[in-house]
Amino acid sequence: MLEVKPIDKPDERRDFPRGHLEAVHMTDLDFAVATFEPGWRWTESVASIAGTDTCQMHHNCYMVQGRMHIRMDDGGESEVGPGDVFVCSPGHDAWVVGDEQVVVYDFQGQTAREYAKQK
């Protein structure tokens with residue numbers, strides 16, 4: 001099997017307060033470009049949409065632009081910035097650090113089709 005899709009023509013766009021997600025859906029992969037504006041925080045912008053207290057998605061990401069802080073439910077935390085690759089398991093909050101827009105590439109299995117969708 002071979003699938004090819006351009007990211008500049010996403011299959012779906014999801015808007016939420018202070019951000020949006022553009023997703024390309026493929027057989028075993030969802031690739032998303034997430035854009036978060038200064039002031040974005042998961043618990044304030046997406047929690048009410050997701051219906052959970054913290055993000056319950058697994059993320060495999062590459063940070064393109066900006067800085068973001070991630071705090072895990074177990075207390076672990078880190079800040080990520082341009083050029084960082086990170087994996088984040090379910091159970092976390094995240095927020096934009098500073099005044100620069102955050103752009104992150106997220107490589108997911110099909111479970112990401114539920115990110116920021118009304119429950």
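Let's start with Tyr-105. At 25% relative accessibility, Tyr-105 counts as partly exposed. Keep in mind that this is a predicted model. Tyr-62 is partly exposed too, with a relative accessible area of 33%. The cut-offs matter here: buried means under 20%, exposed means over 50%, so both tyrosines fall in between.

Now, how do the rings of Tyr-62 and Tyr-105 sit relative to each other? Their centres are 6.3 Å apart. Their planes meet at 45°, so the pair is tilted. Tyr-62 belongs to strand β4, residues 59–65. Tyr-105 belongs to strand β9, residues 102–108. The pair therefore ties together parts that are 43 residues apart in sequence.

Step back to the aromatics in general. Five aromatic pairs turn up in a search of the whole structure. Phe-31, Tyr-62, Tyr-105 and Phe-107 make up one aromatic cluster.

Another ring to look at is Trp-95. Arg-41 lies over the face of Trp-95. The distance to the ring centre is 3.9 Å.

Next, a sheet. This one is open, with three strands in the order β6-β5-β8. Pairing is antiparallel. Which strands stand at the edges? Those are β6, residues 77–80, and β8, residues 92–97. Each has a single partner strand, so one side of each is left without a neighbour in the sheet. From one strand to the next, the twist averages 20°.

Take Met-68 as an example: its bridge partner in β8 is Val-96.

Conventions:
Residues numbered from 1 in each chain as written. Predicted model: local features only at pLDDT ≥ 70, side-chain atom pairs only at ≥ 80, totals over all residues. Heavy atoms only, no water. Pairing = 2+ DSSP bridges. Helix = DSSP H or I, 4+ residues; strand = E, 2+ residues; numbered from the N terminus. Axes fitted to C-alpha atoms, helices over the stretch in contact; angles between N-to-C directions. Phe/Tyr/Trp six-rings, centres within 6.5 Å; stacked < 30°, edge-to-face > 60°. Buried < 20%, exposed > 50% of the residue type's maximum accessible area, 1.4 Å probe, protein only. Lys NZ or Arg CZ within 6 Å of the ring centre and 35° of its normal.
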